[in-house]
Amino acid sequence: MPKINVIATSTFGLEAVVKRELQDLGFTKLTVADGKIEFEATFEDIPRLNINLRAADRVLVKVGEFPAADFGQLFDRTKELAWEQWIPRDAKITVIGKCVRSILASVRSSQSIAHKAVIERLKSKYQIEWLPETGPEFTIQVAILKDVAQLTLDTSGPGLHKRAYRMQHGEVPLRENLAAALVLLSFWKKDRVLIDPMCGSGTILIEAAMIARRIAPGLKREFASEKWPAIDKGFWDEARKAARAAILPEGELKIFGYDIDPERIKDSQANAKKAGVGQDIIFEQKDIKDLWINQPHGIVICNPPYGIKLGSLKELTPIYVTMHHMFKSKPGWSLYILTGDDRFPDFFKRARPDKVRKLFNGTIEVNYYQYYGEKAEKVETAEVVS
Ligand SMILES: C[S@@+](CC[C@H](N)C(=O)[O-])C[C@H]1O[C@@H](n2cnc3c(N)ncnc32)[C@H](O)[C@@H]1O
């Protein structure tokens with residue numbers, strides 16, 4: 001099977017998580033750069049990658065890469081690439097672009113030159129005067145970084161965070177792929193208690209349950225490249241069949257979600273049901289100050305409201321103080337807190353964070369504070385919280 005160059009893109013800070021996922025899917029020789037991981041794959045891998053990657057943003061095919069110091073070079077080298085291998089004569093083509101630290105600084109002009117070059121190539125290969133643009137969609141990205149142009153095709157379409165289970169209510173829900181990454185970055189295992197005391201629309205817990213039950217994140221959605229003639233439809237059927245076969249039955253997960261807002265709890269329940277994990281998580285309306293934890297070991301992963309978007313800093317302080325009192329004498333609990341409010345460690349005084357990872361929640365820079373608890377000697381089985 002012919003080899004192709006593929007790039008999995010990710011949010012800044014999550015490259016290592018995506019790299020680990022790719023290794024788990026069997027890919028080797030991964031080249032990691034800011035926001036992307038490049039590797040060799042086959043056409044058959046495109047469905048598998050799109051359906052299974054949890055933390056990545058998109059899966060791109062790299063069609064070419066070359067120096068581009070002027071528009072003539074950009075046009076000629078783009079036209080030399082074998083676009084007809086991927087793009088049929090009736091394709092609807094969109095070109096997007098970015099130019100960073102390059103002589104070619106105009107994104108608009110670079111896009112339009114690349115677009116023209118691709119169209120010229122296809123017209124000459126298909127021996128037609130114009131392209132009807134009635135068929136499948138193709139998004140090409142021309143990314144020029146330090147005078148090197150990289151031309152890619154987006155196989156995903158809507159970003160991979162769109163899993164098709166979430167209703168878009170709720171305040172500042174986390175992107176699903178970031179939520180999955182938070183779980184993958186934690187030491188949570190499916191036999192351990194997991195709580196999100198401010199769960200909003202339930203994203204973190206739903207992603208955790210999907211990870212535990214090996215439910216592939218892309219099983220319920222479509223991808224742009226499903227309509228591409230270059231990728232055999234059978235590859236998609238096979239990848240979906242394998243993903244369905246991998247799902248573990250509902251089990252003994254100990255996952256609990258709380259939120260002060262009853263509407264968020266309703267959303268969480270509906271989202272979990274739609275994601276196929278409705279029976280795996282217990283959601284309950286509760287103010288964090290009324291939450292009573294009587295188990296010695298467990299894991300909290302959450303993103304509290306933070307001043308930039310929700311509430312004022314003054315309103316947040318009682319939440320932090322509550323968390324401090326709740327966990328100060330519970331060394332067996334690990335806490336993973338995503339927040340843009342860098343005052344959090346000043347209030348949560350059990351210890352300094354064991355690790356702080358800088359991440360992005362959309363465009364907002366946030367920290368992922370990680371406080372590791374002492375190891376559990378045995379698995380908890382009793383009722384956990386009340
Ligand atoms: C940033 S949002 C969490 C978003 C969530 N991770 C998601 O993906 O949808 C913070 C949540 O904390 C909840 N909240 C605020 N104060 C609370 C409190 N005192 N007790 C429990 N939940 C609270 C809000 O209702 C909101 O849903």
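Me: Why is Glu133 called exposed?

Reply: Exposed means that 12 or fewer other C-beta atoms, placed from the backbone, lie within 10 Å of the residue's own; 20 or more is buried, and in between is partly exposed. Glu133 has 12 such neighbours, so Glu133 counts as exposed. This is a predicted model: local features need pLDDT of at least 70, side-chain atom pairs count only at pLDDT 80 or more, and totals for chains, interfaces and linings use all residues. Residues are numbered from 1 along each chain as its sequence is written.

Me: What is the phi of Glu133?

Reply: Phi is positive, about 55°, although Glu133 is not a glycine.

Me: What makes Arg214 partly exposed?

Reply: Arg214 has 13 other C-beta atoms within 10 Å, so Arg214 is partly exposed. Its phi is positive too, near 55°, and Arg214 is not a glycine.

Me: Why does Tyr369 count as buried?

Reply: Tyr369 has 20 C-beta neighbours inside 10 Å, so Tyr369 counts as buried.

Me: Which residues does Tyr369 touch, not counting those up to four places away in sequence?

Reply: Tyr369 touches Ile337, Phe344, Pro345, Pro353 and Val356. Two residues are in contact if their C-beta atoms, placed from the backbone, lie within 7 Å.

Me: How far is the C-alpha atom of Tyr369 from that of Lys355?

Reply: They are separated by 6.2 Å, with the residues 14 apart along the chain.
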